[in-house]
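Please take me through this structure one feature at a time. I would like to know how each feature is read before the case at hand is given.

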Amino acid sequence: VESEDAIVLSANGTTVTIAKTGGAGKAGFVTSIKQGEKELLASPMVPSFYRAMTDNDAFSTYTGGWGIVEPVRNAAYENCAINAQNTELKSIDISKEEKFVKVIADIQVNMMPAIPVRLEYIFYGNGDLEVNYRADVGNIKEAYLPEVGMRMELVPGLENMTWLGREGETYWDRQAGSNVQLNTSTVDEQYFPYIRPQETGN
């Protein structure tokens, strides 16, 4: 169902809402996922270009050795966390195929310089939602870009998780230590109390 404000997709007890209005941080993004009457999202599913620096980041061409350089870190936070919240929906289109509905949203993330993002939502008849994500970061040459990904905050109480991939913390320098497999865990089990706060879990 499409209206002036949103595209609402429903199948097999799952309802997904993609906003068309609402301004920065909403328009063009999934703002609601319901299983029956239960809302699963605590905030919209949005692009993410920032994360906490890790020990791996501390040793890099930006630091010249161990130790975080504050100007680099502060500039990355300002541009990739604060400026990146200023998003603008450029276009949104919906098409119906035999086995799924596809929604394509073109969004501009107003960082310095601006980054064009294309989000492709594919909603299947069994209620599954596939999200494909493409960001053109070619204009960012000198600036430090901590990550290119998506951020999705779920409502409290969703504790159990299952994923196909590597087990544990497997950055590029540790990925050979774990096989690709089907894993199960809990949110609480993903936390590790590092001395210096940083990313933790898979």
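Q: Where is Asn 12 found?
A: Strands (E, at least two residues) and helices (H or I, at least four) are DSSP runs, numbered from the N terminus. Asn 12 sits in the loop between strand 1 and strand 2. Its phi is positive, about 55 degrees, although Asn 12 is not a glycine.

Q: Is Asn 12 buried or exposed?
A: Buried means under 20% relative accessible area, exposed over 50%, and partly exposed in between (1.4 Å probe, protein chains only). Asn 12 has a relative accessible area of 57%, so it is exposed.

Q: What should I know about the model before going on?
A: This is a predicted model, in which local features need pLDDT of at least 70 and side-chain atom pairs count only at pLDDT 80 or more, while totals for chains, interfaces and linings use all residues. Residues are numbered from 1 along each chain as its sequence is written, and side-chain values use heavy atoms, with hydrogens and water left out.

Q: How many helices and strands does the protein have?
A: There are two helices and twelve strands. From the N terminus on, the order of elements is β-β-β-β-β-α-α-β-β-β-β-β-β-β.

Q: How many bridges join strand 1 to strand 2?
A: Two strands pair if DSSP finds at least two bridges between them. Strand 1 and strand 2 (residues 14-19) run antiparallel and are joined by six bridges. Within this pair, Ser 10 stands opposite Thr 15 of strand 2.

Q: In what order do the four strands of the open sheet lie?
A: The order is 1-2-3-4, with antiparallel pairing. Strand 1 (6-11) and strand 4 (38-39) are the edge strands, each pairing on one side only. As a general idea, the side chains of a regular strand alternate between the two faces of the sheet.

Q: What joins strand 7 to strand 8?
A: A hairpin does, through five residues. The two strands run antiparallel and share ten bridges; in this pairing, Gln 108 is opposite Pro 116 of strand 8. Pro 113 lies in the loop between strand 7 (100-109) and strand 8, and the peptide bond from Met 112 to Pro 113 is cis, with omega near 0 degrees.

Q: How many residues lie between strand 8 and strand 9 in their hairpin?
A: Four residues lie between them, and Gly 127 in the turn has a positive phi of about 95 degrees. Strand 8 (residues 115-124) pairs with strand 9 in the antiparallel sense over seven bridges. Glu 120 has Asn 132 of strand 9 as its bridge partner, and Leu 119 has Tyr 133. Strand 8 is mostly covered, with seven of its ten residues buried.

Q: What is the volume of the largest pocket?
A: Rolling a probe the size of a water molecule over the atoms shows where empty space is left. On a 1 Å grid over the protein atoms alone, a pocket is an open set of points where a 1.4 Å probe fits, with protein on both sides within 12 Å along at least five of seven lines; lining residues have an atom within 4 Å of a point. Grid points are joined across faces, edges and corners, and a volume is the space filled by probe spheres set on the points. Here the largest pocket has a volume of about 720 Å³. Of its 23 lining residues, Met 152, Leu 154, Leu 158, Asn 160 and Met 161 are the closest to the centre.

Q: Which strand supplies the largest share of that lining?
A: Strand 11 does, with four residues. Strand 2, strand 9 (129-135) and strand 11 (160-166) each supply at least two residues.

Q: Which residues does Leu 40 touch?
A: Contact means heavy atoms within 4.5 Å. Not counting residues up to four places away in sequence, Leu 40 touches Ile 33, Gln 35, Glu 153, Leu 154, Val 155 and Leu 158. Leu 40 lies in the loop between strand 4 and strand 5 (46-48). Leu 40 and Gly 157 are 117 residues apart in sequence and 9.7 Å apart in space, C-alpha to C-alpha.
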